[in-house]
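Please read them with the sequence and the structure open.

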Amino acid sequence: MTDGDSSTTGRELPLRGAVNARDLGGLRTADGRQVRRLRVLRSDLLTELDTDDVDFLLGDCGLRTIIDLRAPGEITTDGSGRMADRVTVHNTHVHGADRVRLDLTAVSPEGNIVDRYVQYLDHSSANIAAALDLLATAEHLPALVHCAAGKDRTGVVIALLLALVGVRADDIIADYAATTPNIAALRARSARARTARAGSVAVDRLPAWVFAADASTMRQFLAHLDTEHGGAVGWAARAGLDQATRDRLADNLLTPPR
């Protein structure tokens with residue numbers, strides 16, 4: 001399978017107020033099962049959703065829960081949008097060592113965002129596990145997971161979720177890379193956010209690697225997960241997600257075995 005396989009395309013959500021939103025439905029496991037449609041959605045910031053967007057998420061998607069991975073200060077500054085009054089919202093902040101968003105800091109022209117993803121595992125394992133535990137409860141579904149861009153913090157949580165239920169590595173990588181066509185819109189939207197105006201560097205001056213969503217990045221992250229943590233299952237066991245919780249994740253997200 002290639003990174004652009006059809007199982008990872010056509011899953012975009014028709015939202016006018018979000019630019020990097022998609023369904024995980026259709027991604028495939030090694031044993032031939034698929035992620036069920038409209039169980040877990042992923043997105044960027046929800047503050048610009050309009051009435052039609054809200055109606056779509058509530059009516060067509062049946063959304064019950066939002067898992068917001070942003071820092072409390074981001075939520076205070078940028079807000080949560082109109083969905084926050086319509087569904088249950090859980091804030092489980094995913095952060096690295098410095099707790100500062102990469103796109104709001106002065107960074108070098110060359111860099112590797114995989115290093116930041118590894119920090120999430122090292123410094124936010126409890127919060128990531130809490131987010132996954134929420135997704136293991138059927139009453140919380142359908143759920144939407146998001147951060148600011150829906151790429152980095154969301155990308156790590158979604159990658160771990162998919163790996164835990166047995167989704168093929170190629171599909172996890174392709175889902176991450178599906179952000180690439182949305183990068184220009186994400187940069188424009190980031191420049192509009194109040195947090196960007198409070199940051200130490202202008203968004204339009206940030207190097208391209210900060211916003212990139214290359215397949216190689218997720219491939220490296222999954223390799224690190226395997227080498228240093230014994231894969232997603234090894235990481236989850238140490239983070240406190242027991243086998244029963246992992247089983248519920250698979251039961252809730254995947255189509256039945258044939």
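Which residues does Thr 65 touch, not counting residues up to four places away in sequence? Point 2 takes this up.

1. Basis. This is a predicted model, in which local features need pLDDT of at least 70 and side-chain atom pairs count only at pLDDT 80 or more, while totals for chains, interfaces and linings use all residues. Residues are numbered from 1 along each chain as its sequence is written, and side-chain values use heavy atoms, with hydrogens and water left out.

2. Thr 65. Val 87, Thr 88, His 90, His 140, Pro 142, Ala 143 and Leu 144 are the residues that Thr 65 touches, apart from those up to four places away in sequence; contact means heavy atoms within 4.5 Å. Thr 65 is in strand β3 (residues 65–68). Helices (H or I, at least four residues) and strands (E, at least two) are DSSP runs, numbered from the N terminus. Thr 65 counts as buried because its relative accessibility is 2%; buried means under 20% relative accessible area, exposed over 50%, and partly exposed in between (1.4 Å probe, protein chains only).

3. Cysteines. The structure holds zero disulfides, a disulfide being a pair of cysteine sulfur atoms within 2.5 Å. Cys 61 is buried, with a relative accessible area of 7%, and Cys 147 is buried at 2%.

4. Three cavities of 30 Å³ or more turn up in a search of the whole structure. On a 1 Å grid over the protein atoms alone, a cavity is a set of points where a 1.4 Å probe fits but cannot get out, and lining residues have an atom within 4 Å of a point. Grid points are joined across faces, edges and corners, and a volume is the space filled by probe spheres set on the points. The largest cavity has a volume of about 230 Å³. Its lining has 23 residues, with Arg 101, Leu 102, Tyr 120, Asp 152 and Arg 153 nearest the centre. Helices α3 (114–123) and α9 (208–211) are the elements that give two or more residues to this lining, and α3 supplies the largest share, three residues. By class, the lining has 11 nonpolar, four polar and eight charged residues. Ala, Val, Leu, Ile, Met, Phe, Trp, Tyr, Cys and Pro count as nonpolar, Asp, Glu, Lys and Arg as charged, and the others, Gly among them, as polar.

5. Second largest cavity. Here the volume is about 50 Å³. Arg 101 is one of its lining residues, and the others include Leu 45, Asp 78, Arg 189 and Thr 195. The lining of this second cavity has four nonpolar, two polar and three charged residues.

6. Ser 125 lies in helix α4 (residues 125–135) and is partly exposed at 25% relative accessibility. Beyond its neighbours within four places in sequence, Ser 125 contacts Tyr 120, Trp 235 and Ala 239. Ser 125 and Ala 236 are 111 residues apart in sequence but 8.5 Å apart in space, C-alpha to C-alpha. In helix α11 (residues 231–239), Trp 235 and Ala 236 are among the buried residues. The buried residues of α11 pack against α3, α4, α5 (153–164), α10 (215–229) and α12 (243–253). Just after α11, Gly 240 has a positive phi of about 100 degrees.

Technical notes. On a 1 Å grid over the protein atoms alone, a cavity is a set of points where a 1.4 Å probe fits but cannot get out, and a pocket is an open set with protein on both sides within 12 Å along at least five of seven lines; lining residues have an atom within 4 Å of a point.
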